[in-house]
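Trainee: Please take a close look at one strand pairing for me. Then show me how the rest of the chain is built around it.

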Amino acid sequence: MRYLVIGSGGREHAIAWRLMQDGSAKEVYAAPGNGGIEPDFRADIAESDFAGIAAFCADKKIDMVIVGPEAPLVGGMVDYLEKQKIPVFGPAKKAALLEGSKLFAKRIMEKYGIPTARHLDFAGKLPLLEYIQQEKNFPLVIKLDGLAAGKGVGIPESREEAIHFINNTVADDAGVFVEEFIGGEEASVLCISDGTNIIPFVAAQDHKRIYDGDRGPNTGGMGAYAPAPVITAERLAQVSEKILQPTVDGMRNEGIPFRGILYAGLMVSGDEIKVLEYNVRFGDPEAQVIFPLMNGKLGDLFQAALSGTLDRTDLSFKKNMQAITVVIASGGYPGDYAKGELISGIDKVDGNIIVFHAGTKRIHDAYYTNGGRVLDITAVGDTLREAKDKVYQVIDRISFNGAYYRKDIGYRALK
Ligand SMILES: Nc1ncnc2c1ncn2[C@@H]1O[C@H](COP(=O)(O)OP(=O)(O)O)[C@@H](O)[C@H]1O
Ligand SMILES: [Mg+2]
């Protein structure tokens with residue numbers, strides 16, 4: 001099989017790595033890819049250039065396209081390629097609204113009895129400001145409807161903070177809602193769906209904030225580990241039965257079957273597990289810790305999802321193994337940061353460690369930084385402690401000007 005992976009992050013390198021490593025693929029191309037993809041297999045085509053992607057597929061005789069990030073999914077790349085009879089894994093545009101519109105997701109959850117925080121809709125900035133003027137309970141959560149690259153959610157601790165967030169973020173006519181603040185521990189449970197059946201993956205936990213101890217601004221994710229012990233076997237069954245399956249059933253009932261990766265961002269508090277949001281693709285960096293634990297062929301799983309046969313497909317994960325990934329970021333990220341810094345030492349980590357590239361660029365045989373999150377240093381061990389030690393023992397061998405990483409990835413599970 002010849003695959004084309006769409007996207008340029010660590011997640012996409014991990015998908016390509018897994019497809020090659022488990023024998024699913026003869027060749028994996030990436031568009032636009034990053035420095036981790038061999039130059040001959042990188043195609044300089046933007047994620048938004050659907051026609052360019054289709055032409056590339058015809059040229060290289062691609063057997064299946066895997067769409068990594070949310071933007072092309074929400075933009076309708078799957079519908080476009082399907083029309084051209086190119087097999088493609090990922091949800092259609094309407095199904096991708098589960099991520100593309102937080103209000104749509106709320107409606108689905110409320111209609112189908114999927115546990116989530118209570119919410120109130122507002123038609124734009126002014127009605128929301130009026131509401132906030134008389135609101136007494138803080139913190140509360142303010143969410144913008146559409147894709148906002150992690151910048152569309154505010155959790156003000158006071159009325160002043162709320163007004164500040166609204167004035168800076170909410171346009172006059174924005175779709176926006178207020179949600180009750182719920183406490184607990186966050187985790188992500190992803191599944192693959194063929195539109196009817198689901199198979200859940202091991203739960204993962206991401207670390208969104210830039211600094212140790214979950215302080216500082218939000219990022220795309222600074223590290224992750226799996227399985228996350230907060231999701232016990234019992235809770236995983238609960239998430240499958242009460243959240244993932246009803247979501248897929250609800251979407252089918254709406255006439256919008258969901259075929260792809262459904263990601264539930266969860267808040268766990270005792271017996272209660274509520275959905276904070278859906279994503280419609282693999283998490284980045286969650287994918288980087290799920291794939292190393294997976295048995296079997298990833299390509300077979302994608303194929304089964306496309307042919308509607310996930311009910312006859314087995315998926316298992318390595319027993320008693322844990323995976324961890326630590327993101328090395330550019331200094332200044334998630335604010336301004338430099339690009340083009342020379343990266344040294346990638347070849348100095350041993351075969352026990354998987355180095356997924358994210359924001360890197362290869363020029364001849366050298367690697368340079370090319371984004372906020374640069375590399376994902378990943379290891380598997382019999383325990384999380386062992387996996388974590390493996391990563392942190394070698395991570396300083398890789399360096400570039402301004403390199404920064406969190407030192408506490410996995411701390412919740414190791415407490
Ligand atoms: N109802 C809520 N109660 C408490 N925290 C929340 C709530 N909703 C979101 N959050 C926090 O805000 C973060 C971002 O919200 P999320 O819905 O995941 O949006 P996005 O990932 O699109 O920015 C979550 O990871 C969580 O930490
Ligand atoms: Mg989120």
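Mentor: Start with strand E3, residues 64-67. Two bridges join E3 to E4, and the two strands run parallel. Val-65 stands opposite Val-88 in E4. Strands (E, at least two residues) and helices (H or I, at least four) are DSSP runs, numbered from the N terminus. Two strands count as paired if DSSP finds at least two bridges between them. This is a predicted model: local features need pLDDT of at least 70, side-chain atom pairs count only at pLDDT 80 or more, and totals for chains, interfaces and linings use all residues. Residues are numbered from 1 along each chain as its sequence is written, while chains are lettered from A and ligands numbered from 1 in the order in which they are written.

Now widen the view. E3 and E4 belong to an open sheet of four strands, in the order E2-E1-E3-E4, with parallel pairing. Strand E2 (27-32) and strand E4 (88-89) are at the edges with a single partner strand each, so one side of each has no neighbour in the sheet.

Next, strand E9, residues 185-194. Eight of its ten residues are buried, so to speak mostly covered: buried means 20 or more other C-beta atoms within 10 Å of the residue's own, exposed means 12 or fewer, and partly exposed lies in between, with C-beta atoms placed from the backbone. E9 pairs with strand E15 (residues 259-269) in the antiparallel sense, over ten bridges. In that pairing, Glu-186 faces Met-267 of E15. E9 also runs antiparallel to strand E10 (residues 198-200), with three bridges joining them. There, Cys-191 has Pro-200 as its bridge partner. E9 and E10 form a hairpin with three residues between them. Gly-195, in that turn, has a positive phi of about 105 degrees.

E20 (residues 360-363) and E21 pair in the antiparallel sense over four bridges. Arg-362 stands opposite Tyr-367 in E21. E21 also pairs with strand E18 (residues 342-343), again antiparallel, over two bridges. Leu-342 is set opposite Tyr-368 of E21.

Turn to the ligand. Ligand 1 is surrounded by 14 residues, each with its C-beta atom, placed from the backbone, within 6 Å. The closest are Ala-117, Val-153, Ile-182, Leu-276 and Glu-277. By class, this shell has seven nonpolar, three polar and four charged residues. Asp, Glu, Lys and Arg count as charged; Ala, Val, Leu, Ile, Met, Phe, Trp, Tyr, Cys and Pro as nonpolar; the others, Gly among them, as polar. Domain 2 (118-179) and domain 3 (183-415) each give at least three residues to the shell.

The domain assignment also lists domain 1 (2-92); such bounds come from an automatic or database assignment. The C-alpha centres of domain 1 and domain 2 lie 36 Å apart.

Last, the whole chain. The C-alpha trace spans about 60 × 45 × 40 Å along its principal axes. Buried residues make up 46% of the 415. The protein chain has 13 helices and 22 strands.
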